[in-house]
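Thanks, everyone. Please have a look at the model on the screen.

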Amino acid sequence: MPTDLRGIEFDWFASDSEGNLALFATAGEGFFPEAVSSNHVQHAAISEAIPTPNLGTPNVWQDYAALGLFVFDWLLPGGPYKKVASPQKVANHPLMASVLTISDLPQFAASFHNTATVESWP
């Protein structure tokens with residue numbers, strides 16, 4: 001994990017076997033694939049550009065889901081990532097286009113629909 005990401009909340013994106021997109025919130029502790037480490041600036045820029053009127057509240061997860069993202073939050077302490085929101089619609093085109101420009105976007109081997117927790121990354 002890059003030094004500048006240790007201990008801080010950091011969000012990263014991945015796609016699944018069905019082409020769905022998810023946001024993973026590290027809570028300053030959660031793991032992420034090496035490809036995210038190498039491209040964390042891209043992940044952060046997209047995450048920071050997403051409108052989140054409920055930032056700072058538990059309802060923030062619904063802000064992301066309303067845009068078409070699955071949301072997995074790292075459970076403190078020690079994890080794992082737990083699915084806390086499912087999309088209300090397919091990811092909107094501008095958001096999907098932005099996320100898909102991320103170099104080496106992590107690919108989850110299963111479906112986010114059928115995944116409640118993520119304890120490791122293949």
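The accessible surface of the protein is about 6100 Å². Carbon and sulfur atoms account for 55% of that. The areas come from the Shrake-Rupley method with a 1.4 Å probe, and for residues only the protein chains shown count as cover.

A word on where this comes from. This is a predicted model, where local features need pLDDT of at least 70 and side-chain atom pairs count only at pLDDT 80 or more, while totals for chains, interfaces and linings use all residues. Residues are numbered from 1 along each chain as its sequence is written, and side-chain values use heavy atoms, with hydrogens and water left out.

Now the overall fold. There are 4 helices and 5 strands. These are DSSP runs numbered from the N terminus: helices are H or I, at least four residues, and strands are E, at least two. Along the sequence, the pattern reads β-β-α-α-α-β-β-α-β. The radius of gyration is 13 Å, close to the 14 Å of the globule rule for 122 residues, so the protein is as compact as a globular protein of that length. That radius is taken over C-alpha atoms, and the rule is 2.2 Å times the number of residues to the power 0.38. Of the 122 residues, 48% are buried, meaning under 20% relative accessible area with a 1.4 Å probe, protein chains only.

Next, the sheet. The 5 strands form an open, mixed sheet in the order S1-S2-S3-S4-S5. S1 (11-15) and S5 (117-118) stand at the edges with a single partner strand each, so one side of each has no neighbour in the sheet. Helix H2 (residues 40-49) packs on the sheet and touches S1 and S2. Its direction makes about 100° with that of S1. Contact here means heavy atoms within 4.5 Å. Axes are lines fitted to C-alpha atoms, for helices over the stretch in contact, and angles run from 0 to 180 degrees between N-to-C directions.

So, what covers S3, residues 70-74? Let's take its faces. Phe70, Phe72 and Trp74 on one side are buried, and so are Val71 and Asp73 on the other.

Now its partners. Pairing needs at least two DSSP bridges between the strands. S2 (residues 21-25) pairs with S3 in the parallel sense over 4 bridges. Ala25 sits opposite Asp73 there. S4 (residues 81-85) runs antiparallel to S3, again with 4 bridges. Trp74 has Tyr81 as its bridge partner. S3 and S4 make a hairpin with 6 residues between them, and Gly78 in the turn has a positive phi of about 85°.

Conventions
Buried < 20%, exposed > 50% of the residue type's maximum accessible area, 1.4 Å probe, protein only.
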